Amino acid sequence: EKLPTIYDSTAVVGEVTRASAEDVGLRPGTPVVIGAGDGVSATVGAGAVREGLAYNYIGSSSWIAFSSSRPLEDSGMKIFNYAHAVPGQFVPCGTMQAAGGSYQWLRRQICTSEVAGAQQAGVDPYEVMNLAAEQSPPGANGLLFLPYLMGERTPYWNPHARGAFVGLTLRHTRADLIRATLEGITLNLRLILDTYREAGAAIHEVRAIGGGAKGRFWRQMMADVYGLPVLRPRQLEEATALGAAIIGGVGVGLFPNFAVVDQFIEIIDRHLPDPQAQAVYQRLLPIFRDAYTALCPVYEQLHAFAG
């Protein structure tokens, strides 16, 4: 009795009152559609409105999600499931805490010269960092980055996890550090993707959205690590707003159904896995996974030490 009434995302639950209309500049009587949260709205805006269509949002945090006709369950309880805005569908989702946040930390704390050069040239610092990362080969010359700067959600649900560079030697360069950071984020997202596969999901391609998806180099790395085509829509940071608009449009009958999203999405780039890079990441993935496991006792000791 303490929970609210459950509605479909497309349900019209009221209308704009005259007082509210005066405050926000809308017409009195405008229908109010209940809508959805940011993750589900982004799912619609990414075009994931049919079975198996997956997308990867990369912002400060990052998640991979897709449309499914059933909740996806796994014995390790790594996955959570939203009700989709599309009636009868679900959104299995796995989220990592510090994706773009890890790259932002690197920019602020390590890549001061790249930032200064970018400012002088009037370009995005992350593009300069990406160019530097390209000077390091796949696998970053044996350097791993564990992107657990804020603990971790999927697949570990461990608030005590911590970030680390593992394998650092005198021969490693800043280019290696940058590349290893991107690889560590992407490898962790691959663990989320593998969780879906182990639970029986069939995913054939991934659409990349969010600010982190701007970089061509990182999108290609995603394709190589995931072993899947990675698609770039023209609009990257507007998917959530687009999804909310489509949910509202379907709710008031402006659009007949959610398939209308295909009219608003233009795929402008497609990255296929490079076989050589893909083979490197296949070898690196279990090492990346084992590094986390090996450090778990250290994480607990550090947590106790820090009080």
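# Questions on a predicted model

Me: Let's start with a cysteine: is C93 buried or exposed, and what is its relative accessible area?
Reply: This is a predicted model, in which local features need pLDDT of at least 70, side-chain atom pairs count only at pLDDT 80 or more, and totals for chains, interfaces and linings use all residues. Residues are numbered from 1 along each chain as its sequence is written, and side-chain values use heavy atoms, leaving out hydrogens and water. Buried means under 20% relative accessible area, exposed over 50% and partly exposed in between (1.4 Å probe, protein chains only). C93 is buried, and its relative accessible area is 2%.

Me: How many disulfides does the structure hold?
Reply: A disulfide is counted when two cysteine sulfur atoms lie within 2.5 Å. C111 is buried at 0% relative accessibility. The number of disulfides in the structure is 0.

Me: Which residue's backbone nitrogen does D124 reach at the start of α5?
Reply: A polar contact is a pair of N or O atoms within 3.5 Å; within protein, one must be able to donate a hydrogen and the other to accept it, and residues adjacent in sequence count only if both atoms are side-chain atoms. A side-chain oxygen of D124 comes to within 2.9 Å of the backbone nitrogen of Y126.

Me: Which residue's backbone oxygen lies 2.7 Å from a side-chain polar atom of S68?
Reply: S68 belongs to the loop between β4 (62–66) and β5 (80–83), and is buried at 3% relative accessibility. Leaving out residues up to four places away in sequence, S68 touches E51, Q89, F90 and P92 (contact means heavy atoms within 4.5 Å). The backbone oxygen in question is that of R70.

Me: How far apart in sequence are the parts tied together by F66 and Y196?
Reply: Rings of Phe, Tyr and Trp (its six-membered ring) pair if their centres lie within 6.5 Å; planes under 30 degrees apart are stacked, over 60 edge-to-face and the rest tilted. The structure holds 12 aromatic pairs. In one of them, F66 and Y196 have ring centres 5.0 Å apart and planes at 70°, so this pair is edge-to-face. F66 is in strand β4 and Y196 in helix α6, so the parts they join are separated by 130 residues.

Me: What is the relative accessibility of A140?
Reply: A140, in the loop between α5 and β7, has a positive phi of about 50° although it is not a glycine. M77 also has a positive phi, near 55°, and is exposed at 66%. A140, however, is buried, at 0%.

Notes: Helix = DSSP H or I, 4+ residues; strand = E, 2+ residues; numbered from the N terminus.
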